[in-house]
Amino acid sequence: MLEQFSQHLDLYCERTDIGLWAEPFNAVSNLAFFAAGLWGVYEARRRNAGTFAEVLGWWVVAIGIGSTLFHTFATEATKWADILPIAGFTLAYTLFNLRRFAGMAWPRALLIFFGFYIVVGFVTYMVPDWLRVASNGTTGYLPPFLALIFFGCVVIANGSRAGWYNIAAAVIFLGSVTFRVIDPLVCDALPIGSHFMWHLLNGLMLGVLMAATTRYAGPGPQSRATTRAAVGALH
């Protein structure tokens with residue numbers, strides 16, 4: 001088991017050996033995650049967006065740490081240090097959408113949450129192997145992409161402009177996915193590959209999500225009800 005987790009991986013064309021600094025562009029480009037996360041923490045505190053919002057900012061920093069570990073050590077163990085923070089943030093941000101932006105109570109939020117991920121998880125599982133290989137494993141990111149679109153629409157339908165930030169993030173995500181997919185295809189022409197652009201654009205995408213988090217989230221669902229009542233009283 002220990003040997004399996006210490007096994008070195010070579011997944012991107014910038015890496016040509018098992019050295020710690022074999023992926024300099026892929027490693028340094030993770031600064032985009034640190035910048036987005038720390039900015040999100042700062043904005044959450046400045047705007048008094050609540051503990052949940054601040055935690056999401058630190059979660060983005062954790063994504064940067066995990067990705068940096070993977071693109072320096074590049075082992076089976078650090079691969080999971082890269083994957084798990086991303087998966088955790090996706091799930092946490094989904095709940096943030098439903099609870100804070102859409103103002104849903106826990107029972108309804110959890111029903112939609114589990115229903116969506118059961119369906120999307122099945123769809124992702126059914127993706128044929130040839131497409132997984134052709135996309136450089138990028139089909140594994142289908143759930144967060146669909147979540148941005150679906151929950152963005154849910155939030156918009158519930159009257160919050162934060163949903164449009166989700167849609168904008170999905171558009172940016174399409175760009176970042178493209179660079180991840182073509183990385184093994186451009187090695188001959190571009191030895192550093194294109195994976196570093198996946199990091200830079202995803203850092204931008206997470207910055208957009210943190211902007212929505214800090215600008216449109218009150219302390220909880222009750223705040224949306226209070227806001228609606230106040231707006232109604234003005235008419």
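Me: Hi! Is Cys-187 buried or exposed, or something in between?
Reply: Cys-187 is partly exposed, because its relative accessible area is 24%. Buried means under 20% relative accessible area, exposed over 50%, and partly exposed in between (1.4 Å probe, protein chains only). This is a predicted model, where local features need pLDDT of at least 70, side-chain atom pairs count only at pLDDT 80 or more, and totals for chains, interfaces and linings use all residues. Residues are numbered from 1 along each chain as its sequence is written, and side-chain values use heavy atoms, leaving out hydrogens and water.

Me: Thanks! And what about Cys-13, buried or exposed?
Reply: Cys-13 counts as buried, at 14% relative accessibility.

Me: How many disulfides are there?
Reply: The count is 0 disulfides, taking a disulfide as a pair of cysteine sulfur atoms within 2.5 Å.

Me: Switching to salt bridges, how many does the structure hold?
Reply: It holds 6 salt bridges, each being a side-chain nitrogen of Lys or Arg within 4 Å of a carboxyl oxygen of Asp or Glu. Among them, Glu-43 meets Arg-46 at 3.0 Å, N to O, and Glu-43 also meets Arg-47 at 2.9 Å, N to O.

Me: Why are Arg-46 and Glu-43 separated by about one helical turn?
Reply: Because they are 3 residues apart in helix α3 (residues 31-46). Helices here are DSSP runs (H or I, at least four residues), as are strands (E, at least two), numbered from the N terminus.

Me: Which of those side chains are tucked away?
Reply: Glu-43 is buried at 4% relative accessibility, while Arg-46 is partly exposed at 49% and Arg-47 is partly exposed at 37%.

Me: Now the rings. How many aromatic pairs are there?
Reply: There are 18 aromatic pairs. Rings of Phe, Tyr and Trp (its six-membered ring) pair if their centres lie within 6.5 Å; planes under 30 degrees apart count as stacked, over 60 as edge-to-face and the rest as tilted. One of the pairs is Tyr-12 with Phe-70, edge-to-face because the planes are at 85°, with centres 6.4 Å apart.

Me: Last one: what sits over the ring of Trp-198?
Reply: The charged end of Arg-180, 5.4 Å from the ring centre. A charge sits over a ring if NZ of Lys or CZ of Arg is within 6 Å of the ring centre and within 35 degrees of the ring normal.
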